[in-house]
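Hi,

Here is the structure I promised to pass on. Have a look at it first, and then read my notes below.

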Amino acid sequence: WLDEKAAMYQHIEQVADTPWGQTLLFYAQEAVHYCITLTKHALELMKQDAKLLETYENTYQSDLAELNHLKDVLEHGAWDEAAKAAENVTFVRLPSLRGYSEDELKIRISDCRKQVKETVDKKIAKLFCATEQETKDDLSRLSPMVQKLFAITKEFSEELRRLKTERKAADFSDLEHWALELLIKETENGFVRTEEAEKLSQRFDEVMVDEYQDSNQVQNCIFRALSVEERRLFAVGDVKQSIYRFRLADPTIFLEKYLSYCPAAEAEEGQPRKVLLSRNFRSRREVLDGTNFVFRAIMSREMGEMDYTDQEKLYFGAAYYTPAA
């Protein structure tokens with residue numbers, strides 16, 4: 001893993017192809033999409049007042065054209081082209097309109113444009129603070145430092161391993177990795193279960209895992225080895241409750257099954273299946289409504305790895321609960 005990360009700093013042809021460039025471009029594209037949505041919303045709002053529409057429509061259509069051009073460059077252009085396009089977005093001056101200084105609709109329309117201009121000028125443009133060549137030079141200067149840092153990390157790991165062996169000591173991570181070495185082995189065709197795994201798995205009718213969304217890859221390999229490649233695995237989880245990424249929990253392990261498994265009622269004999277536990281018996285309806293409102297607004301494939309649809313929402317299930325009069 002360290003070697004893979006160190007290689008990211010070498011032989012860079014285009015900044016847009018690096019993980020850092022891709023992250024910044026994605027953020028810029030999302031921000032432009034937000035600006036386009038706001039501008040279209042403002043154009044819809046001004047249709048409610050003929051005077052506002054007559055005065056402002058051409059200006060906001062001009063804004064929309066500028067934003068769509070920026071969107072196209074961000075999606076298809078090179079790094080320097082994107083930087084230039086972000087820097088050169090032009091917002092023409094709004095025509096004056098008398099008698100509307102306190103008009104609520106006019107204020108809402110103006111606020112939309114203010115947010116758009118601030119997003120472009122203060123957020124998007126500032127993402128491209130260095131040219132393509134400057135960024136490549138920065139990464140080139142960082143490369144030997146990263147190589148040295150990773151070399152020290154490897155040396156430290158080897159020395160720590162030597163001292164633990166000498167003192168017959170182990171930590172929790174060691175136990176997991178030793179278990180994995182006993183349960184799977186590498187062959188020409190990939191990893192397979194060992195004889196020990198075959199024998200041990202026969203001792204379990206089922207391997208049951210709670211809080212499955214917080215499993216990591218090492219733990220999941222152990223579960224697979226002991227559950228006959230997951231044919232005896234029963235797992236419960238909720239990706240909304242995943243809080244352990246800092247210790248390498250990988251909620252995509254849970255999500256891969258959540259998205260690919262058939263509903264239990266539709267699954268064929270022996271086929272992996274899922275049961276959605278969407279009814280909540282713990283909380284009042286108001287709490288669930290608030291929770292659903294928040295998650296529906298912020299949760300998506302990009303933010304949280306999952307779209308929050310009617311299938312994922314929480315449903316009130318406490319039929320025994322009667323609110324006070």
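This is a predicted model: local features need pLDDT of at least 70, side-chain atom pairs count only at pLDDT 80 or more; totals for chains, interfaces and linings use all residues.

**The hairpin**

With that rule in hand, look at β1 (residues 184–187) and β2 (residues 190–193): the two strands run antiparallel and are joined by four bridges. They make a hairpin, and two residues sit between them.

Next, α7 and α9. Helix α7 covers residues 172–183 and helix α9 covers residues 217–226; they pack at about 35°, with axes 10 Å apart. Their crossing is left-handed. Which residues meet there? From α7 you get Glu176, His177, Ala179, Leu180 and Leu183, and from α9 Val218, Gln219, Cys221, Ile222, Ala225 and Leu226. Sorted by type, the residues of this contact are eight nonpolar, two polar and one charged.

**Salt bridges**

The count comes to 16 salt bridges, taking a side-chain nitrogen of Lys or Arg within 4 Å of a carboxyl oxygen of Asp or Glu.

- Lysine 164 and aspartate 174 form a salt bridge at 2.6 Å, N to O. This pair links distant parts of the chain, with lysine 164 in helix α6 (residues 132–166) and aspartate 174 in helix α7, ten residues apart. Both lysine 164 and aspartate 174 are buried.
- Glutamate 44 pairs with lysine 47, and their closest N and O atoms are 3.1 Å apart. Glutamate 44 is partly exposed, at 46% relative accessible area. Lysine 47 has 53% relative accessibility, so it counts as exposed, given that the cut-off for exposed is over 50%.
- Glutamate 75 bridges to lysine 71, with 3.4 Å between the closest N and O atoms. Because they are four residues apart in helix α3 (residues 50–76), about one helical turn separates glutamate 75 from lysine 71. Both ends are partly exposed: glutamate 75 has a relative accessible area of 39%, and lysine 71 has 29%.

There is also a network: Arg224, Glu229, Glu230 and Lys257 are joined by salt bridges that share partners.

**A buried arginine**

Is arginine 113 buried or exposed? Its relative accessibility is 7%, so arginine 113 counts as buried, the limit for that being under 20%. Arginine 113 sits in helix α5 (residues 104–127). Not counting residues up to four places away in sequence, arginine 113 touches Thr59, Tyr60, Asp63, Phe91, Val92 and Leu94.

Lysine 168 is not a glycine, yet its phi is positive, at about 55°. Lysine 168 is in the loop between α6 and α7. With a relative accessible area of 78%, lysine 168 is exposed.

Valine 228 also has a positive phi, near 55°, and is a residue other than glycine. Valine 228 lies in the loop between α9 and β4 (233–235). Its relative accessible area is 10%, so valine 228 is buried.

**Distances along the chain and in space**

Finally, two C-alpha pairs. Valine 228 and glutamate 134 are 94 residues apart in sequence, with 53 Å between their C-alpha atoms. Histidine 11 and leucine 139 are 128 residues apart along the chain, and their C-alpha atoms are separated by 10.0 Å. Histidine 11 is in the loop between α1 (2–7) and α2 (19–45), and at 78% relative accessibility histidine 11 counts as exposed.

Cheers

Note on methods:
Residues are numbered from 1 along each chain as its sequence is written. Side-chain values use heavy atoms; hydrogens and water are left out. Axes are lines fitted to C-alpha atoms, for helices over the stretch in contact, and angles run from 0 to 180 degrees between N-to-C directions. A crossing is left-handed if the near helix is turned anticlockwise from the far one by less than a right angle, and right-handed if clockwise. Contact means heavy atoms within 4.5 Å. Ala, Val, Leu, Ile, Met, Phe, Trp, Tyr, Cys and Pro count as nonpolar, Asp, Glu, Lys and Arg as charged, and the others, Gly among them, as polar. Buried means under 20% relative accessible area, exposed over 50%, partly exposed in between (1.4 Å probe, protein chains only). Two strands pair if DSSP finds at least two bridges between them.
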